[in-house]
Amino acid sequence: MAATDSSFDVVSKTDPQEVKNAIDQAEREIETRFDFRNSMAEIKHEKDKLTLTADNEARLTALIDVIQSKFIKRGIDIKFLEYGKLEEATKGTVRQVVTIKNGLPMEAAKKIVKLIKDKGIKVNAQIQDEQVRVTSKSRDDLQAVIALLKGAEEIESPLQFTNFK
């Protein structure tokens with residue numbers, strides 16, 4: 001990268017502290033909500049997994065709604081949540097594992113690079129691990145790429161733009 005080049009990284013990751021805060025808020029709401037009184041509803045959080053347990057499917061759906069609303073309020077895109085299949089658990093309860101996706105999947109990174117190349121904007125896009133680095137001599141071209149990616153519906157992963165230099 002030459003001294004006059006500018007760059008930024010396209011990434012897809014959550015802020016772990018914000019995730020923890022959203023889950024704490026969801027747990028507090030569940031403790032106080034009338035529709036959860038005298039029922040079993042639990043959220044277990046380990047690294048990038050949430051294990052949700054509830055009395056029945058309807059209660060589990062309500063639990064998911066609470067979690068999603070807390071994620072949205074804390075500015076975390078709910079596209080980060082990947083839902084596993086519903087399972088029967090002990091004592092007649094139901095369980096669902098929710099994975100919090102972090103990192104840009106390779107196919108999404110390839111779509112980003114192809115999208116940029118197809119538009120013909122004079123930038124260089126490289127896939128590096130779980131991110132895409134975009135470099136250019138023109139900051140305006142970089143802004144155009146950001147605008148392009150923000151409007152791209154074919155990319156399912158939530159995107160953030162970091163390390164703007």
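## Basis of the model

The model is predicted, so local features need pLDDT of at least 70 and side-chain atom pairs count only at pLDDT 80 or more, while totals for chains, interfaces and linings use all residues. Residues are numbered from 1 along each chain as its sequence is written, and side-chain values use heavy atoms, with hydrogens and water left out.

## Domains

The protein chain is assigned domain 1 (6-13 + 104-162) and domain 2 (16-100); such bounds come from an automatic or database domain assignment. Taken over C-alpha atoms, the centres of domain 1 and domain 2 are 32 Å apart.

## Helix α1

Helix α1 covers residues 16-32. Helices (H or I, at least four residues) and strands (E, at least two) are DSSP runs, numbered from the N terminus. The expected span of a helix is 1.5 Å times one less than its number of residues. At the start of α1, the backbone nitrogen of Gln-17 has a side-chain oxygen of Asp-15 within 3.0 Å. A polar contact is a pair of N or O atoms within 3.5 Å; within protein, one must be able to donate a hydrogen and the other to accept it, and residues adjacent in sequence count only if both atoms are side-chain atoms.

Buried means under 20% relative accessible area, exposed over 50%, and partly exposed in between (1.4 Å probe, protein chains only). The buried residues in α1 are Val-19, Ala-22, Ile-23, Ala-26, Glu-29 and Ile-30. They lie on the same side of α1, because they cover an arc of only 120° around the axis; the arc is that of the directions from the helix axis to the C-beta atoms. An α-helix has 3.6 residues a turn, so residues three or four places apart point the same way. The buried residues of α1 pack against β2 (41-46), β3 (49-54), α2 (57-73) and β6 (94-100), where contact means heavy atoms within 4.5 Å. Arg-28, Glu-31 and Thr-32 are exposed on the other side of α1. Of these, Glu-31 has a relative accessibility of 65%, and its C-alpha atom is 13 Å from that of Arg-59, 28 residues away along the chain.

## The aromatic pair

One aromatic pair is present in the structure. Phe-8 and Phe-161 form this pair, with 5.8 Å centre to centre and 75° between the planes, which is edge-to-face. Rings of Phe, Tyr and Trp (its six-membered ring) pair if their centres lie within 6.5 Å; planes under 30 degrees apart count as stacked, over 60 as edge-to-face and the rest as tilted.

The two residues come from distant parts of the chain, 153 residues apart: Phe-8 is in strand β1 (residues 6-11) and Phe-161 in strand β9 (residues 160-162). Phe-8 is buried at a relative accessible area of 0%, whereas Phe-161 is partly exposed at 24%.

Gln-96 is in strand β6 and is buried at 10% relative accessibility. A polar atom of the Gln-96 side chain lies 2.8 Å from the backbone oxygen of Gly-84. Beyond four places in sequence, the contacts of Gln-96 include Leu-50, Leu-52, Leu-60, Ile-64 and Tyr-83.

Gln-131, in strand β8 (residues 131-136), is buried with a relative accessible area of 18%. Apart from neighbours within four places in sequence, Gln-131 contacts Asp-9, Val-10, Val-11, Leu-104 and Gln-126. Val-113 belongs to helix α3 (residues 106-119) and is buried, at 13%. With residues up to four places away in sequence not counted, Val-113 touches Ala-125, Ile-127 and Val-132. Val-113 and Val-132 are 19 residues apart along the chain, and their C-alpha atoms are separated by 7.8 Å.

## Two loop residues with positive phi

Most residues other than glycine have a negative phi, and most peptide bonds are trans. Asn-38, not a glycine, has a positive phi of about 55°. Asn-38 sits in the loop between α1 and β2 and is exposed, with a relative accessible area of 83%.

Lys-47 is not a glycine either, and its phi is positive at about 50°. Lys-47 is part of the loop between β2 and β3 and counts as exposed at 78% relative accessibility.
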